[in-house]
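This report describes one protein chain for a reader who is new to structural analysis. Please keep the sequence and the model in view while reading.

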Amino acid sequence: MRSASRAGDPSHAPMLAAMDLLGQRWMLRILWELEPGRLGFLELRRRMDNCSSSMLSTRLQRLQAAGVIEKRADKSYELTVAGKDLGRAMESLWDWSERWSAKLTDSE
(Lines give C-alpha, C1' and ligand atoms only; values in the text may rest on other atoms or scores of the structure.)
Protein backbone atom coordinates (compact mmCIF):
# COMPACT_ATOMS: atom_id res chain seq x y z
CA MET A 1 0.00 0.00 0.00
CA ARG A 2 1.25 3.47 -0.82
CA SER A 3 1.99 5.77 2.06
CA ALA A 4 2.51 9.49 2.29
CA SER A 5 5.87 10.75 3.43
CA ARG A 6 8.32 13.58 3.07
CA ALA A 7 9.66 14.16 -0.44
CA GLY A 8 12.87 12.29 -1.08
CA ASP A 9 12.67 10.08 2.02
CA PRO A 10 13.49 6.57 0.73
CA SER A 11 12.89 4.88 4.09
CA HIS A 12 9.14 5.48 4.03
CA ALA A 13 8.25 5.67 0.35
CA PRO A 14 11.01 4.35 -1.90
CA MET A 15 9.10 4.92 -5.14
CA LEU A 16 8.39 8.54 -4.29
CA ALA A 17 12.04 9.05 -3.40
CA ALA A 18 13.09 7.52 -6.72
CA MET A 19 10.66 9.76 -8.60
CA ASP A 20 11.97 12.80 -6.70
CA LEU A 21 15.53 11.90 -7.66
CA LEU A 22 14.95 10.90 -11.28
CA GLY A 23 12.37 13.61 -11.94
CA GLN A 24 14.97 16.34 -11.58
CA ARG A 25 16.06 17.87 -14.86
CA TRP A 26 19.06 16.13 -16.47
CA MET A 27 19.10 13.09 -14.16
CA LEU A 28 17.77 10.59 -16.68
CA ARG A 29 19.92 12.07 -19.43
CA ILE A 30 23.05 11.60 -17.31
CA LEU A 31 22.12 7.97 -16.70
CA TRP A 32 21.43 7.54 -20.41
CA GLU A 33 24.86 8.88 -21.32
CA LEU A 34 26.64 6.73 -18.72
CA GLU A 35 24.82 3.52 -19.61
CA PRO A 36 27.34 2.38 -22.27
CA GLY A 37 30.30 3.03 -19.97
CA ARG A 38 32.29 5.54 -17.99
CA LEU A 39 32.83 9.11 -19.13
CA GLY A 40 34.90 12.01 -17.91
CA PHE A 41 33.24 15.26 -16.88
CA LEU A 42 34.19 17.15 -20.04
CA GLU A 43 32.94 14.41 -22.37
CA LEU A 44 29.74 14.07 -20.38
CA ARG A 45 29.29 17.85 -20.46
CA ARG A 46 29.83 17.85 -24.25
CA ARG A 47 27.09 15.25 -24.69
CA MET A 48 24.64 17.09 -22.42
CA ASP A 49 23.86 19.92 -24.89
CA ASN A 50 22.49 22.84 -22.86
CA CYS A 51 23.31 21.62 -19.36
CA SER A 52 25.67 24.06 -17.62
CA SER A 53 28.83 22.79 -15.94
CA SER A 54 27.55 23.85 -12.52
CA MET A 55 24.21 22.07 -13.04
CA LEU A 56 25.96 18.93 -14.27
CA SER A 57 28.27 18.99 -11.28
CA THR A 58 25.32 19.35 -8.89
CA ARG A 59 23.42 16.52 -10.56
CA LEU A 60 26.46 14.23 -10.54
CA GLN A 61 26.93 14.89 -6.82
CA ARG A 62 23.29 14.05 -6.15
CA LEU A 63 23.50 10.79 -8.14
CA GLN A 64 26.68 9.88 -6.28
CA ALA A 65 25.02 10.55 -2.93
CA ALA A 66 22.13 8.31 -4.01
CA GLY A 67 24.59 5.52 -4.86
CA VAL A 68 23.60 5.41 -8.53
CA ILE A 69 26.92 6.56 -10.00
CA GLU A 70 30.47 6.72 -8.74
CA LYS A 71 33.42 8.94 -9.47
CA ARG A 72 36.52 6.92 -10.27
CA ALA A 73 40.10 7.73 -9.29
CA ASP A 74 40.70 9.02 -12.83
CA LYS A 75 37.80 11.45 -12.28
CA SER A 76 35.50 9.67 -14.73
CA TYR A 77 31.95 8.71 -13.80
CA GLU A 78 30.24 5.36 -14.17
CA LEU A 79 27.11 3.57 -13.06
CA THR A 80 27.23 1.56 -9.86
CA VAL A 81 25.53 -1.82 -9.55
CA ALA A 82 22.41 0.09 -8.42
CA GLY A 83 22.72 2.36 -11.46
CA LYS A 84 22.97 -0.63 -13.78
CA ASP A 85 19.92 -2.15 -12.08
CA LEU A 86 18.08 1.12 -12.68
CA GLY A 87 19.08 0.96 -16.34
CA ARG A 88 17.56 -2.50 -16.63
CA ALA A 89 14.39 -1.25 -14.95
CA MET A 90 14.23 1.60 -17.46
CA GLU A 91 14.28 -0.80 -20.43
CA SER A 92 10.49 -1.05 -20.17
CA LEU A 93 10.26 2.73 -20.47
CA TRP A 94 12.51 2.56 -23.54
CA ASP A 95 10.23 -0.06 -25.12
CA TRP A 96 7.17 2.03 -24.33
CA SER A 97 8.75 5.17 -25.82
CA GLU A 98 9.49 3.32 -29.05
CA ARG A 99 5.86 2.15 -29.34
CA TRP A 100 4.55 5.60 -28.42
CA SER A 101 6.78 7.33 -30.97
CA ALA A 102 5.70 4.89 -33.70
CA LYS A 103 2.02 5.59 -32.96
CA LEU A 104 2.60 9.35 -33.12
CA THR A 105 4.41 8.97 -36.44
CA ASP A 106 1.63 6.75 -37.83
CA SER A 107 -1.05 9.30 -36.92
CA GLU A 108 0.63 12.17 -38.81
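In which helix is Leu 104 found? Leu 104 belongs to helix α6, which covers residues 91-106.

## Basis of the report

The model is predicted: local features need pLDDT of at least 70, side-chain atom pairs count only at pLDDT 80 or more, and totals for chains, interfaces and linings use all residues. Residues are numbered from 1 along each chain as its sequence is written, and side-chain values use heavy atoms, with hydrogens and water left out.

## Overall architecture

The protein chain contains 6 helices and 3 strands. Helices (H or I, at least four residues) and strands (E, at least two) are DSSP runs, numbered from the N terminus. Read from the N terminus, the order of elements is α-α-β-α-α-β-β-α-α.

Of the 108 residues in the protein chain, 26% are buried. A residue is called buried under 20% relative accessible area, exposed over 50%, and partly exposed in between (1.4 Å probe, protein chains only). The accessible surface of the protein chain is about 7,700 Å², and carbon and sulfur atoms account for 55% of it. Accessible areas are computed by the Shrake-Rupley method with a 1.4 Å probe; for residues, only the protein chains shown count as cover.

Among contacts in the protein chain with a separation of 6 or more, 41% are between residues 24 or more positions apart. Contact here means heavy atoms within 4.5 Å.

## The nonpolar core

The largest nonpolar core has 18 residues, and Ile 30, Leu 34, Leu 44, Leu 63 and Ile 69 touch the most other members. Such a core is a set of buried Ala, Val, Leu, Ile, Met, Phe, Trp, Tyr and Cys residues joined through side-chain atoms within 4.5 Å. Two or more residues of this core come from each of α1, α2, α4 (53-65) and β3 (76-79). Helix α2 contributes the most, with 4 residues.

Which residues does Leu 44 contact, leaving aside its neighbours within four places in sequence? They are Ile 30, Glu 33, Leu 34, Leu 39, Leu 56 and Leu 60.

Leu 104 is partly exposed, with a relative accessible area of 40%. Together with Leu 93, Trp 96 and Trp 100, Leu 104 forms a nonpolar patch on the surface, with about 430 Å² of accessible area in total. Patches consist of residues with over 30% relative accessible area and no salt bridge; like charges are joined within 9 Å, and nonpolar side chains (Val, Leu, Ile, Met, Phe, Trp, Tyr) within 5 Å.

## Salt bridges

Side chains of opposite charge can pair when their charged atoms come close. The structure has 10 salt bridges, each being a side-chain nitrogen of Lys or Arg within 4 Å of a carboxyl oxygen of Asp or Glu. One of them joins Glu 33 and Arg 47, whose closest N and O atoms are 3.7 Å apart. This pair links distant parts of the chain, with Glu 33 in helix α2 (residues 27-34) and Arg 47 in helix α3 (residues 41-47), 14 residues apart. Glu 33 is buried at 10% relative accessibility, whereas Arg 47 is partly exposed at 29%.

Arg 72 forms a salt bridge with Glu 70 (3.9 Å, N to O) and another with Glu 78 (2.8 Å, N to O). Arg 72 is partly exposed at 32% relative accessibility, and Glu 78 is buried at 15%. Elsewhere, shared partners join the salt bridges of Arg 29, Glu 33, Glu 43, Arg 46, Arg 47 and Asp 49 into one network.

Ser 76 is located in strand β3 and is buried, with a relative accessible area of 5%. The side chains of Ser 76 and Asp 74 are joined by a polar contact of 2.6 Å. A polar contact is a pair of N or O atoms within 3.5 Å; within protein, one must be able to donate a hydrogen and the other to accept it, and residues adjacent in sequence count only if both atoms are side-chain atoms.

Most residues other than glycine have a negative phi. Asp 49, in the loop between α3 and α4, has a positive phi near 50°. Lys 75 has a positive phi near 70°; Lys 75 lies in the loop between β2 (69-71) and β3 and is exposed at 56% relative accessibility.
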